[in-house]
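Here is a short briefing on one chain.

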Amino acid sequence: MKNVCCLLVGFVCVVGARVEARVKLVALPERARVVVSLSNPGATLVEEERLITLQRGVNKVDFSWRGVNIDPTSIQVRALAHPGSVIVLNTSYPPNENALIWEINSTAAQEERVRISYLLSGLNRDIVYRAVAEPDERALTLRNYLRLRNDSGEDLTEAEVSIGYGANFKKTIAHEEVLEMLSERIDAVAIRKILTWDAATLPWDPEYEKKTVGIPLSYVITNNTVSKLGQHTLLPGKVRIFIKTKEQPAAEGEKAGEGVTFTGEDWASLTPVDREMKLYIGQSRDVKVTQRKTKDDKTNIRRNSGNAVVLHDTDEVYKIEIENFKKTSVDLVLVEHIPGYWRMVENSHAPQLRKKDAFTFEYHLTLPANTSGEKKTTVTFNINRLNVQGNEPSSY
């Protein structure tokens, strides 16, 4: 080990009079096994097993460390070989030392395998994904890379590393070392391309904009077995996105080779099983969305003693016209935000509506190809806002 992390064993014996001593071992017991758990991003759980020699009676075991980022309140010891005859009596902390002392009672003089566990900080980990989409953009290959940086002050030699999914692997991670390794590769992951139009961020009438308005385009991956995933939660991390391309053949009659084109980067959020991960890949100008409020009437007006309006409801109608200029069908999500208390009165596309929370709902639409002009898709909905005071926030 690079750091100074040691065990000292002493014992209480009776020879005429009772004498206590902390006696340092001639050789530091080597770690028989080290297990490192990286499943919690906040702290790293380290479990190490060592062989120590105990005398019959009460032994004092001193665990000390210098320059290592160990949480002293998390340190625990457990006997593995003789749990019934080796018992931890108490724990004490010497003043002004990075150390603690266990008093361990052993019914016989014996060699004991003990497991010492503690929380270690400074072992930082990042997840980096590489996603390579097929030319038809219906599937991709997802590679999951684990990047470790050891600033803990401790050398972890031949450690069995668990990252919360997949098989454990054995690796030596020295202090101040940075490692990057492929932890998982999944081929033929099913993906969908969707456009997301959000009423809170995009203009309602793009014709009056001075610049061309694009709609965000994303790949959507569902973390389930149908998509070749669903074995564990997908951790957050940077995703570099590529798409396969056909290269020009070197000579006439030869087969064209394959290359990849960099599409962009996005940050993947934590995605539990059966949830969706959305990866932004750019903007599309092949779809045009125009939304207008065609009705906004005050109803159920309430006044105070001075005849001033203090409360009212509203009757609102919205009309959304959508044009798809592509020669293929397109999946589009319309996101609507309705702050305050409200209820839906009428809705032209009820089967496609999904309520996200108390103030947000979405329409999940599939737009047929070449549906512009008279063939455009029209969505309408009628809502009543209730108990409007006039000072409600525009969003929550």
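The chain has zero helices and 27 strands (DSSP runs numbered from the N terminus: helices are H or I with at least four residues, strands are E with at least two). This is a predicted model: local features need pLDDT of at least 70, side-chain atom pairs count only at pLDDT 80 or more, and totals for chains, interfaces and linings use all residues. Residues are numbered from 1 along each chain as its sequence is written, and side-chain values use heavy atoms, with hydrogens and water left out.

**Whole chain**
- Of the 396 residues, 42% are buried (under 20% relative accessible area; exposed is over 50%, partly exposed in between; 1.4 Å probe, protein chains only).
- Among contacts (heavy atoms within 4.5 Å) with a separation of 6 or more, 69% link residues 24 or more positions apart.

**Strand β7**
- In β7 (residues 76-79), Val77 and Ala79 point to one face and are buried.
- β7 runs antiparallel to β10 (residues 110-120), joined by four bridges (pairing takes at least two DSSP bridges).
- Glutamine 76 sits opposite serine 117 of β10.

**Aspartate 357**
- Aspartate 357 belongs to strand β25 (residues 353-357).
- Aspartate 357 counts as partly exposed because its relative accessibility is 39%.
- Its side chain reaches the backbone nitrogen of phenylalanine 359 at 2.8 Å.
- A polar atom of the aspartate 357 side chain also lies 2.9 Å from the backbone nitrogen of threonine 360.
- Histidine 337 is 20 residues from aspartate 357 in sequence and 9.6 Å away in space, C-alpha to C-alpha.

Terms used:
A polar contact is a pair of N or O atoms within 3.5 Å; within protein, one must be able to donate a hydrogen and the other to accept it, and residues adjacent in sequence count only if both atoms are side-chain atoms.
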